[in-house]
Structures are given as C-alpha cells and as structure tokens.
Amino acid sequence: MPQISEKIHELTVGQLSARSGAAVSALHFYESKGLISSRRTSGNQRRYSRDTLRRVAFIRAAQRVGIPLATIRQALAELPEERTPTQEDWAHLSEVWRSELDERIKQLNRLRDHLTDCIGCGCLSLDTCILSNPGDVFGEHRAGSRLMVDKGRASGSA
C-alpha cells in the first residue's frame, strides 16, 4: 500500500484509490451519491481530505455486509457536521443494521429452501409457487396467471 506523507492533508483521486482499494470509478460514484465529497482545484481536479479514507473504509465495510448505499448515505448524513464515522458510530449502526440483516437472512433461507420447488414448476405462475405467488395471493382476485402482462391492458383497450 502506498504511503502518503503525514504532511499531505489532501489526496488526489488516484491516491485515495490506491490507499482505500476502491476503484477511481467507485470513488466518483460514491461522490455522485453524496457519500464522500471533494473540493476542486483551480485546474478542476478533485482533492479529498485525509479523513475520506476512513469514510471510504466505512462505506466498503457496510457494503460487504449487504447494507444498501442509500442506507449508508442516510447514516453518514446523520453524523454531526458530516464528520468521519468513529468506532463508536460503527458499533451503534451495526446494532441498528443487525435486525435488517437478520430479516434478509431469513428471506434468503426461505428462497434457498423453496428454490427447487420453483424450478420444478417451470412457469412461475402456478398457485403453489412459493416465490412468485406465496399463499396464492393472486388467486384471491381472479383465476389465471397474474405474472404475465394482460394483452388488453397493455394495448390500452381494457
């Protein structure tokens, strides 16, 4: 990992990429989504404060455990003066996110457990399809498939 002198308080996008392990395109994307910010030089080049390294590490760690970027952005926006997250911030947020992750794990386990049934049916529209029609909710409204576009409605001649 390239070392950056302690005297340097701002990083170029290349330096930030090299130190954080995030691709330059990912850093630009994070910036476009409001997750990180930079200032522009007179030559219109991006400069990131050193603490952006910690912000990028925070974003990437949250992404690795499956937290959506919108949720990460919201968490970062709630920090006082948009400061860099601390270890305490991570501990608090990980507790908040734990229930969301537990629910996703349950959903993925259900999907895994019923995936063979779905592949076996072949059409994704049977009343017994646990994935596309759990509990036959479509059958409560009318008979037939609800997953295919109704040709009369699609052409506007309902």
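Why does Glu31 count as buried? At 18% relative accessibility, Glu31 falls in the buried class, because buried means under 20% relative accessible area, exposed over 50%, and partly exposed in between (1.4 Å probe, protein chains only). The model is a predicted one, in which local features need pLDDT of at least 70 and side-chain atom pairs count only at pLDDT 80 or more, while totals for chains, interfaces and linings use all residues. Residues are numbered from 1 along each chain as its sequence is written, and side-chain values use heavy atoms, with hydrogens and water left out.

The overall layout comes next. The chain has six helices and three strands; helices (H or I, at least four residues) and strands (E, at least two) are DSSP runs, numbered from the N terminus. Read from the N terminus on, the order of elements is β-α-α-β-β-α-α-α-α. Of the 158 residues of the chain, 23% count as buried. The chain exposes about 10800 Å², and carbon and sulfur atoms supply 53% of this area; accessible areas come from the Shrake-Rupley method with a 1.4 Å probe, and for residues only the protein chains shown count as cover. Contact means heavy atoms within 4.5 Å. Among contacts between residues at least 6 apart in sequence, 46% join residues at least 24 apart.

Glu31 has its place in helix H2. In this helix, which spans residues 24-32, Leu27, Tyr30 and Glu31 are buried. These residues cover an arc of only 100 degrees around the axis, which puts them on the same side of H2; the arc is that of the directions from the helix axis to the C-beta atoms. An α-helix has 3.6 residues a turn, so residues three or four places apart point the same way. Ser25 and Ser32, on the other side of H2, are exposed. The cover over the buried residues of H2 includes helix H1 (13-20), strand E3 (46-49), helix H3 (52-64) and helix H4 (69-77). After H2 comes Gly34, whose phi is positive, near 80 degrees.

Leaving aside neighbours within four places in sequence, Glu31 is in contact with Ile36, Ser37, Ser38, Arg46 and Tyr48.

A nonpolar core is a set of buried Ala, Val, Leu, Ile, Met, Phe, Trp, Tyr and Cys residues joined through side-chain atoms within 4.5 Å. The largest one has 22 residues, of which Leu16, Leu27, Tyr30, Ile36, Ile59 and Ile72 touch the most other members. H1, H2, H3, H4 and helix H5 (87-121) are the elements that give two or more residues to this core. H3 supplies the largest share, five residues.

The strands form an open sheet in the order E1-E3-E2, with antiparallel pairing. Two strands pair if DSSP finds at least two bridges between them. Strand E1 (10-11) and E2 stand at the edges, each with a single partner strand, so one side of each is left without a neighbour in the sheet. E1 and E3 are joined by two bridges; in E3, Tyr48 is the bridge partner of Leu11. The loop between strand E2 (39-40) and E3 holds Asn44. Asn44 has a positive phi, near 65 degrees, although this residue is not glycine. Most residues other than glycine have a negative phi, and most peptide bonds are trans. At 51% relative accessibility, Asn44 counts as exposed.

The last topic is the aromatic rings. Rings of Phe, Tyr and Trp (its six-membered ring) pair if their centres lie within 6.5 Å; planes under 30 degrees apart count as stacked, over 60 as edge-to-face and the rest as tilted. By this rule there are three aromatic pairs. One of them is the tilted pair of Phe58 and Trp97, at 6.3 Å centre to centre with 55 degrees between the planes. Phe58 lies in helix H3 and Trp97 in helix H5, so the pair ties together parts that are 39 residues apart in sequence. The rings of Trp90 and Trp97 have their centres 6.0 Å apart and their planes at 80 degrees, so this pair is edge-to-face. Phe58, Trp90 and Trp97 form one aromatic cluster.
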